[in-house]
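Please read them with the coordinates open.

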2 protein chains.
Amino acid sequence: MALVAGQARAPSRALGRADLHASVSDPVLDTMNFLNEITHRYPEAISFAPGRPYDGFFDTEQVFTHLRRYLEHLAGNGHTDAGIRDAIFQYGPTSGRIRDLVADSLAKDEGIDVPPESIVITVGAQEAMLLTLRALIAGPQDVLLVSSPCYVGITGAARLLDAEVGAVDEEEDGFACAALEAALARERARGRRPRAFYVIPDHANPSGTTMSLEQRHALLDLADREGFLVLEDSPYRLVSPGRQLPTLKALDRTGRVVHLGSFSKTLFPGARVGFVVADQPVADGRGGAGLLADELTKIKSMVTVNTSPLSQAVVGGMLLAAGGRTRELNAAAAAYYEQAMRGTLRALDGCFTEAERAALGVRWNRPSGGFFLAMRVPFHAGNAALARSAEHFGVIWTPMSYFYPLGGGDRALRLSISYLSDTEITEGAARLARFIRAEAKEGRAAC
Amino acid sequence: MALVAGQARAPSRALGRADLHASVSDPVLDTMNFLNEITHRYPEAISFAPGRPYDGFFDTEQVFTHLRRYLEHLAGNGHTDAGIRDAIFQYGPTSGRIRDLVADSLAKDEGIDVPPESIVITVGAQEAMLLTLRALIAGPQDVLLVSSPCYVGITGAARLLDAEVGAVDEEEDGFACAALEAALARERARGRRPRAFYVIPDHANPSGTTMSLEQRHALLDLADREGFLVLEDSPYRLVSPGRQLPTLKALDRTGRVVHLGSFSKTLFPGARVGFVVADQPVADGRGGAGLLADELTKIKSMVTVNTSPLSQAVVGGMLLAAGGRTRELNAAAAAYYEQAMRGTLRALDGCFTEAERAALGVRWNRPSGGFFLAMRVPFHAGNAALARSAEHFGVIWTPMSYFYPLGGGDRALRLSISYLSDTEITEGAARLARFIRAEAKEGRAAC
């Protein structure tokens with residue numbers, strides 16, 4: 001083997017994980033793997049872990065119908081057969097083919113009025129997060145702020161880009177503007193430039209909390225005053241019951257909000273179609289200006305080139321079928337999830353008397369929608385506890401600590417209600433209660 | 001406006017491109033935009049620029065047939081209706097659903113025998129490049145080597161990750177092992193760790209060159225000796241005429257080759273389905289070992305979560321229809337491109353006598369397949385020349401300088417033959433010849 005002068009050490013034939021980018025050694029990935037293993041090892045356990053949407057309303061044949069509808073839409077809009085072939089077969093525009101349909105839907109569903117040119121169609125909201133972070137995190141001085149606990153998709157994308165993350169502690173009822181102000185000051189004092197704050201304002205993953213209207217206005221005022229962007233991610237709104245508060249983007253008067261969009265809960269995850277609304281002007285330094293969406297499009301050309309025109313066609317067909325009103329399309333789904341959430345809360349209420357809750361130190365929140373609720377427990381709810389819960393009690397949940405980017409959440413867990421039947425909810429809550437009582441009795445403070 | 005202590009400057013409401021990540025200011029993007037603008041401004045010009053596949057063999061209705069075939073395949077393999085619905089509707093496994101079909105196809109088409117577990121299905125080869133680079137570029141000491149000229153997708157992905165790129169100069173007939181050895185020594189002398197060398201061994205984009213069998217063996221020996229990986233990208237092989245030389249991966253006995261796969265030329269670009277073969281063992285530092293594919297899967301979970309199961313289903317249906325033999329599926333396409341390449345060479349031969357070529361200093365290579373050929377010209381073939389060519393001569397081409405990551409290629413251009421009719425080729429070559437003669441006469445050395 002030739003040893004070349006100047007190299008730090010002999011080239012190794014075998015790869016070690018330590019030689020790879022740190023993102024592959026992220027402890028969150030190991031913990032997620034652990035959760036998957038546990039789920040696989042105890043198939044009979046009732047699982048409050050997965051955040052996937054319920055698919056009982058979906059019929060595979062619909063894919064053919066939706067695709068056909070989109071092709072007819074193209075034909076009706078003057079596309080020749082060759083033009084339609086091109087639209088499905090070829091590379092498409094990097095920013096997407098169905099931006100007009102998404103803009104129409106955003107206006108009807110959410111009162112978000114933006115031109116199609118401000119939208120980039122992405123491979124799910126995950127790619128939208130990656131593109132937005134890449135654009136905004138220009139160097140080591142730039143920092144992303146996230147609520148803590150936080151959805152792992154955004155912190156994972158940050159890790160991939162070696163982007164610094166600052167945590168904004170949530171109160172038990174969710175976002176607190178004072179905590180964000182403190183985080184901004186702290187990061188600036190360290191010489192950092194806070195570029196954006198990521199938040200799920202409605203029925204958050206993992207905490208289930210929703211920002212009040214006052215908090216929304218306060219956040220927008222702060223963003224405007226302090227010159228950072230708000231990355232709004234809100235995939236559960238349109239599958240939640242009743243009237244929702246306005247999105248941050250709908251309230252945004254000064255262009256501070258980048259809205260990350262997902263169709264995974266409202267249409268179907270298998271399309272892998274999401275989007276980002278980025279209507280902020282960007283000066284090019286030569287007297288011209290485009291939109292932030294144009295810059296995200298450039299980045300997308302280096303990530304996925306474009307979102308599958310085939311997937312976009314099926315999503316486009318679904319939007320056309322619904323006349324753009326995905327909220328109406330999801331009325332049955334919203335009622336289904338509402339029943340599951342209410343059933344879970346009712347079952348938990350039935351498992352623990354008020355007195356026992358107080359004595360044990362167990363409590364949970366009461367989300368008005370979404371897929372998740374958060375539960376505080378009187379013991380360390382980590383992987384060891386999860387393994388005992390699955391093995392001895394037949395119930396699985398997600399340790400809340402997975403969602404704390406800088407640590408925390410050791411005595412809390414996340415329960416997801418989106419994929420369980422009424423019977424499973426009742427039985428699962430009873431098993432969870434038995435597990436919690438057993439742990440409390442053992443007095444497991446830390447393990 | 002509150003000015004917070006410690007901040008470098010007042011927060012700005014307006015975004016400037018200089019505040020965004022440097023990748024959005026990459027000059028390659030501006031030049032590509034310029035090319036697009038020129039193409040748009042002169043719609044009557046004959047364009048040798050686009051590298052898109054010919055779509056005349058494609059029928060939109062086939063999408064329905066292929067999707068149906070894949071669903072029947074699932075049913076035949078014991079999937080229930082609910083299982084099929086899950087396979088199309090839901091999030092899928094991050095590493096992909098059709099790894100077994102791709103592995104089967106690689107064995108039949110390319111003699112690449114790898115287990116499905118070593119494959120990750122990606123959103124086109126572009127995502128495969130990003131994942132692989134992200135895994136291998138662990139820090140600022142790591143460097144990617146690329147041939148120069150080089151496909152812009154890989155250098156774009158490197159820029160997105162702030163990864164250092166080292167250029168390996170190609171000879172006129174392509175890859176030179178000595179140049180790579182020199183680049184390795186140069187980078188190591190600078191304290192850098194060369195992690196990988198990216199190359200298109202067959203009918204390269206942009207140069208049209210093909211590595212000989214001897215060069216392939218020499219490259220693999222060097223990689224093994226020096227401890228770097230070879231990133232093999234070879235999208236044009238199966239749409240090129242005749243028997244191709246073995247892929248680097250088929251010759252790889254020591255696990256040095258990561259094979260980047262695309263279906264954009266062999267099936268259809270609109271699926272946005274590609275893959276990466278990464279069968280290298282990776283030690284986890286705790287006595288265990290997985291495959292590099294597992295590490296790439298982790299990274300993919302932070303980029304796109306998974307490749308659209310719907311797109312994978314259509315690609316899966318196409319692979320099933322062809323019995324995995326995409327080479328046979330592409331016999332007509334390969335003949336089509338072969339005729340276009342031969343026609344282009346014949347037309348160019350007819351435009352310039354041997355004597356005129358020598359007098360002017362014009363020459364071009366004679367690729368045996370693929371979409372591209374490279375032409376040397378006696379003047380600066382940059383954007384200004386391109387604008388004159390489009391406006392006054394009605395012919396468009398790609399400046400070769402776009403493909404030189406560290407500069408160069410000023411007196412060369414790339415001609416693509418994949419999307420032109422015989423008539424357009426003949427007329428396009430004649431226009432190109434008139435343009436070249438005019439430029440040479442003007443004596444434009446640099447502009």
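Why is helix α6 (residues 152–160) of chain B largely enclosed by the rest of the structure? The points below start there. Keep in mind that this is a predicted model.

1. **The enclosed helix.** Eight of the nine residues of α6(B) are buried, so the helix is largely enclosed by the rest of the structure. The buried residues are B:V152, B:G153, B:I154, B:T155, B:G156, B:A157, B:A158 and B:L160. After the helix comes B:D162, which has a positive phi near 55 degrees.

2. **The sheet of chain B.** Seven strands of chain B make an open sheet, and its pairing is mixed. The strand order is β3-β9-β8-β7-β6-β4-β5. At the edges stand β3 and β5 (164–169) of chain B. Each has a single partner strand, so one side of each is left without a neighbour in the sheet. From one strand to the next, the twist averages 20 degrees.

3. What lies on either side of β3 (residues 119–122) of chain B? B:I119 and B:I121 point one way, B:V120 and B:T122 the other way, and all are buried. In general, side chains of a regular strand alternate between the two faces of the sheet. Strand β9 (residues 274–277) of chain B runs antiparallel to β3(B), and four bridges join the two. Within β9(B), B:G274 is the bridge partner of B:T122.

4. **Strand β7(B).** This strand (residues 229–233) of chain B is mostly covered, with five of its five residues buried. Both faces are covered. B:L229, B:L231 and B:D233 are buried on one side, and B:V230 and B:E232 on the other. Note that the buried set includes B:D233 and B:E232. How do β6(B) and β7(B) run, and how many bridges join them? They run parallel, joined by four bridges. B:Y198 has B:L231 as its bridge partner in β7(B). B:A196 stands opposite B:L229 of β7(B).

5. **Helices on the sheet.** Helix α4 (residues 99–110) of chain B packs on the sheet and touches β3, β8 (257–262) and β9 of chain B. The direction of α4(B) makes about 110 degrees with that of β3(B).

6. **A helix pair in chain A.** Two packed helices are described by the angle between their axes and the distance between the axes. For helix α7 (residues 177–189) and helix α8 (residues 213–226) of chain A, the angle is about 20 degrees and the axes are 10 Å apart. α7(A) and α8(A) are therefore roughly parallel to each other. The crossing of α7(A) past α8(A) is right-handed. On the α7(A) side, the contact has A:C177, A:L180, A:E181, A:L184 and A:R188. On the α8(A) side are A:A218, A:L219, A:L222, A:R225 and A:E226. Six residues of this contact are nonpolar, none are polar and four are charged.

7. **Cis peptide bonds.** Most residues other than glycine have a negative phi, and most peptide bonds are trans. A:P149 sits in the loop between β4 (142–148) and α6 (152–160) of chain A. In chain B, the bond from B:N205 to B:P206 is cis, with omega near 15 degrees. B:P206 belongs to the loop between β6 (193–199) and α8 (213–226) of chain B.

8. **Positive phi in loops.** A:R272 is not a glycine, yet its phi is positive, about 50 degrees. A:R272 lies in the loop between β8 (257–262) and β9 (274–277) of chain A. Is A:R272 buried or exposed? At 3% relative accessibility, A:R272 counts as buried. B:H203, also a residue other than glycine, has a positive phi near 50 degrees. B:H203 is in the loop between β6 and α8 of chain B. At 2% relative accessibility, B:H203 counts as buried.

Definitions and conventions. Residues numbered from 1 in each chain as written. Chains lettered and ligands numbered in written order. Predicted model: local features only at pLDDT ≥ 70, side-chain atom pairs only at ≥ 80, totals over all residues. Heavy atoms only, no water. Axes fitted to C-alpha atoms, helices over the stretch in contact; angles between N-to-C directions. Parallel < 35°, antiparallel > 145°, perpendicular 65-115°, else oblique. Left-handed = near helix turned anticlockwise from the far one by under 90°. Contact = heavy atoms within 4.5 Å. Nonpolar A, V, L, I, M, F, W, Y, C, P; charged D, E, K, R; others polar. Buried < 20%, exposed > 50% of the residue type's maximum accessible area, 1.4 Å probe, protein only. Pairing = 2+ DSSP bridges.
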